[in-house]
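Q: Please go through this protein by its definitions. For each label, set the value against the cut-off.

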Amino acid sequence: QYDGVYTYGGSVERFLADGSADASTLGGTIVAGKTINLLTSGPTTNLFDPGLYWADAATGVGGIAGLQISTDPATNKVTVSASGNASLKNLDGLENSYDPATKTFTLNFGWYTGAVGTSSSRKMHLSLGYTGSR
């Protein structure tokens, strides 16, 4: 029921090993107009295809192979995970949900080698809006 093409926007936070913000073009507000396919891989699970881009909209995000979402149809809560990165998870205290009225996902997740906000961590804050079937 979630399969399709989605536009996405939001922001990316990247931190260097010393905990400082990465000043490259990879972090920041995501360039408008990017689309992503969500492919059904289970009754309530979808894979991202081909994958996400950094804020520059030109460089593919590495280190999160097998990025997927699982949606609980009873609560519309969403869990983000990656088969290629066990550290990727929902960010505590931030919304991860699906709105069936607008067919929009709100996703806040991170992956890292240390604590979030330090030691080469990454955080994404995304909104995915359904635009049609694949």
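Q: What makes Arg 14 a charge over the face of Trp 54?
A: The rule asks that NZ of Lys or CZ of Arg be within 6 Å of the ring centre and within 35 degrees of the ring normal. Arg 14 lies over the face of Trp 54, at 4.5 Å from the ring centre. The charged end of Lys 34 likewise sits over a ring, that of Tyr 53, 3.9 Å from its centre.

Q: What kind of model is this, and which residues count?
A: It is a predicted model: local features need pLDDT of at least 70 and side-chain atom pairs count only at pLDDT 80 or more, while totals for chains, interfaces and linings use all residues. Residues are numbered from 1 along each chain as its sequence is written, and side-chain values use heavy atoms, with hydrogens and water left out.

Q: How many helices and strands does the protein have?
A: Helices are DSSP runs of H or I with at least four residues, strands are runs of E with at least two, and numbering starts at the N terminus. The protein comes to zero helices and ten strands.

Q: Why is the protein called as compact as a globular protein of its length?
A: The radius of gyration is taken over C-alpha atoms, and the globule rule is 2.2 Å times the number of residues to the power 0.38. For 134 residues the rule gives 14 Å, and the protein has a radius of gyration of 14 Å, so it is as compact as a globular protein of that length. Its C-alpha trace spans about 40 × 25 × 25 Å along the principal axes.

Q: Why does Asn 85 count as buried?
A: Buried means under 20% relative accessible area, exposed over 50%, and partly exposed in between, with a 1.4 Å probe and protein chains only. Asn 85 has 16% relative accessibility, so it counts as buried. Of the 134 residues of the protein, 42% count as buried. Asn 85 itself is in the loop between β6 (78-82) and β7 (89-90).

Q: Which side chain does the side chain of Asn 85 join in a polar contact?
A: A polar contact is a pair of N or O atoms within 3.5 Å; within protein, one must be able to donate a hydrogen and the other to accept it, and residues adjacent in sequence count only if both atoms are side-chain atoms. The side chains of Asn 85 and Ser 87 are joined at 2.7 Å. A polar atom of the Asn 85 side chain also lies 2.8 Å from the backbone oxygen of Gly 63.

Q: Which residues does Asn 85 touch, not counting those up to four places away in sequence?
A: Contact means heavy atoms within 4.5 Å. Asn 85 touches Gly 63, Ile 64, Ala 65 and Trp 111 on that count.

Q: What makes up the largest nonpolar core?
A: A nonpolar core is a set of buried Ala, Val, Leu, Ile, Met, Phe, Trp, Tyr and Cys residues joined through side-chain atoms within 4.5 Å. The largest one has 27 residues, and Phe 109 is among those with the most contacts inside it. Strand β9 (104-111) is one of those supplying at least two residues. β9 gives the most, with four residues.

Q: Why is the pair of Tyr 6 and Tyr 130 called edge-to-face?
A: Rings of Phe, Tyr and Trp (its six-membered ring) pair if their centres lie within 6.5 Å; planes under 30 degrees apart count as stacked, over 60 as edge-to-face and the rest as tilted. The Tyr 6 and Tyr 130 centres are 5.5 Å apart and the planes are at 70 degrees, so the pair is edge-to-face. Tyr 6 is in strand β1 and Tyr 130 in strand β10, 124 residues apart.

Q: Are Tyr 6 and Tyr 130 buried or partly exposed?
A: Tyr 6 is buried, with a relative accessible area of 1%. Tyr 130 has 29%, so it is partly exposed.

Q: Where is the cis peptide bond?
A: It joins Asp 49 and Pro 50, with omega about 10 degrees. Pro 50 is in the loop between β4 (45-49) and β5.

Q: Why is Ala 57 called buried?
A: Its relative accessible area is 17%, so Ala 57 is buried. Its phi is near 65 degrees, a positive value in a residue other than glycine.
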